[in-house]
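Student: Could we go through this model together? I would like to start with its open spaces.

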Amino acid sequence: MAKKAFQHQAGTAMECLSIPITLHKEKDIDEDGREVLKCGFKIGGGIDQDFRKSPQGYTDYGIYVTEVHEGSPAAKSGLRMHDKILQCNGYDFTMVTHKKAVSYIRKNPILNLLVARKGVTST
């Protein structure tokens with residue numbers, strides 16, 4: 001049953017264990033001298049992307065963590081590479097475009113995430 005989180009068909013109900021993660025972004029200064037909030041991770045995937053072309057070998061249209069910067073808020077919160085983001089601040093990430101996911105992550109100073117993790121929430 002838990003394996004379904006990584007072969008999920010967008011728009012269908014999913015039953016799986018999830019890990020709650022709270023990420024507090026940190027203030028930083030960008031190259032133009034503006035104050036920005038950094039979270040320290042990158043994502044891949046989305047319903048508008050072809051997961052079969054994913055260099056990470058993902059098996060569905062989900063939003064996945066593709067990079068976590070060492071010492072970043074993401075690393076401190078426990079987020080890991082290849083985690084699948086199921087929700088962000090209550091917003092369903094199982095049926096979202098890549099661009100929408102990025103903009104949603106950027107606009108909130110605190111991210112309350114629910115993630116699925118291979119080997120922990122699935123077999």
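**Pockets and backbone angles**

Student: How do the residues lining the largest pocket divide by class?
Tutor: The lining has eight nonpolar, three polar and five charged residues. Asp, Glu, Lys and Arg count as charged, Ala, Val, Leu, Ile, Met, Phe, Trp, Tyr, Cys and Pro as nonpolar, and the others, Gly among them, as polar. The model is predicted, and local features need pLDDT of at least 70, side-chain atom pairs 80 or more, while totals for chains, interfaces and linings use all residues. Residues are numbered from 1 along each chain, and side-chain values use heavy atoms, without hydrogens or water.

Student: What is the volume of the largest pocket?
Tutor: Its volume is about 490 Å³. A pocket is an open set of points on a 1 Å grid where a 1.4 Å probe fits, with protein on both sides within 12 Å along at least five of seven lines; lining residues have an atom within 4 Å of a point. The volume is the space filled by probe spheres set on the joined points.

Student: Which residues are closest to its centre?
Tutor: Of 16 lining residues, those are K38, C39, G40, F41 and R106.

Student: And what lines the second largest pocket?
Tutor: Four nonpolar, six polar and three charged residues line that pocket, which holds about 160 Å³ of space. Closest to its centre are G44, G45, Q49, D50 and S54.

Student: New topic: what is phi of H82?
Tutor: Phi of H82 is near 80°, a positive value in a residue other than glycine. N89 also has a positive phi, near 50°.
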